[in-house]
Amino acid sequence: LVLAAPKPWITTMSSGAANGGRIHFDDLQWERRYRRIAAYGQSKLANLLFTSELQRRLSAAGSAVRAHAAHPGYSATNLQGHTGNRLGTPIWHATNTLFGTSAEYGANPTLYAASRDLPPDSFIGPKFGARGPVGPVGRSPLARNGAHARELWRLSEQLTETEFPL
């Protein structure tokens with residue numbers, strides 16, 4: 001039995017909600033008006049932009065590390081079921097029952113991304129968005145915006161007071 005050395009990969013969790021996300025550079029932390037669904041979409045878009053910028057920096061440095069992103073599709077978890085709203089919570093529970101996949105199924109894209117020899121900056125998820133065979137999937141035009149990825153990286157370093165030396 002010959003075991004191969006582990007591959008140096010970084011897998012970031014995103015979501016199909018990234019497709020509807022927008023980065024609000026003028027109010028990045030939602031200090032003026034918080035909207036939870038929009039904030040969630042922004043955070044998942046930010047994860048895709050982070051992955052792309054990380055891969056760009058790793059490649060420029062000659063690193064063998066590969067950065068990937070994954071999204072679980074529509075998994076019925078407790079994330080959707082706690083709206084704090086008498087009407088919203090039962091609607092989400094019904095939607096989860098009718099359309100959601102299991103949490104175990106939702107873990108498959110992350111496992112796929114973390115265990116396969118994929119091209120750098122791959123995005124892995126269910127073929128049909130919410131469900132389906134797991135593999136490489138496309139990104140929205142905003143998730144492929146290199147200028148936004150670089151600006152978000154710069155702002156992240158500024159806000160965390162941490163410079164990533166890569």
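Leaving aside neighbours within four places in sequence, arginine 22 is in contact (heavy atoms within 4.5 Å) with Gln42, Leu45 and Leu142. The structure is a predicted model, in which local features need pLDDT of at least 70 and side-chain atom pairs count only at pLDDT 80 or more, while totals for chains, interfaces and linings use all residues. Residues are numbered from 1 along each chain as its sequence is written, and side-chain values use heavy atoms, with hydrogens and water left out.

Arginine 22 is found in the loop between β1 (9-13) and α1, helices (H or I, at least four residues) and strands (E, at least two) being DSSP runs numbered from the N terminus. With a relative accessibility of 44%, arginine 22 counts as partly exposed; on this scale buried means under 20% relative accessible area, exposed over 50%, and partly exposed in between (1.4 Å probe, protein chains only).

Isoleucine 23, when residues up to four places away in sequence are not counted, touches Leu28, Gln42, Leu45, Ala46, Leu49 and Leu152.

Glutamate 53 lies in helix α1 (residues 36-60) and, at 2% relative accessibility, counts as buried. Beyond its neighbours within four places in sequence, glutamate 53 is in contact with Ala149, Arg150 and Trp153. From C-alpha to C-alpha, glutamate 53 and arginine 144 are 9.9 Å apart in space, and they are 91 residues apart in sequence.

In helix α2 (residues 88-99), the 12 residues should span 16 Å at 1.5 Å a residue, which agrees with the 16 Å between its end C-alpha atoms; the expected span is 1.5 Å times one less than the number of residues. Gly88, Thr89 and Asn96 of α2 are buried. These residues cover an arc of only 95° around the axis, which puts them on the same side of α2, the arc being that of the directions from the helix axis to the C-beta atoms. The exposed residues Thr97 and Leu98 are carried on the face of α2 turned away from its buried side.
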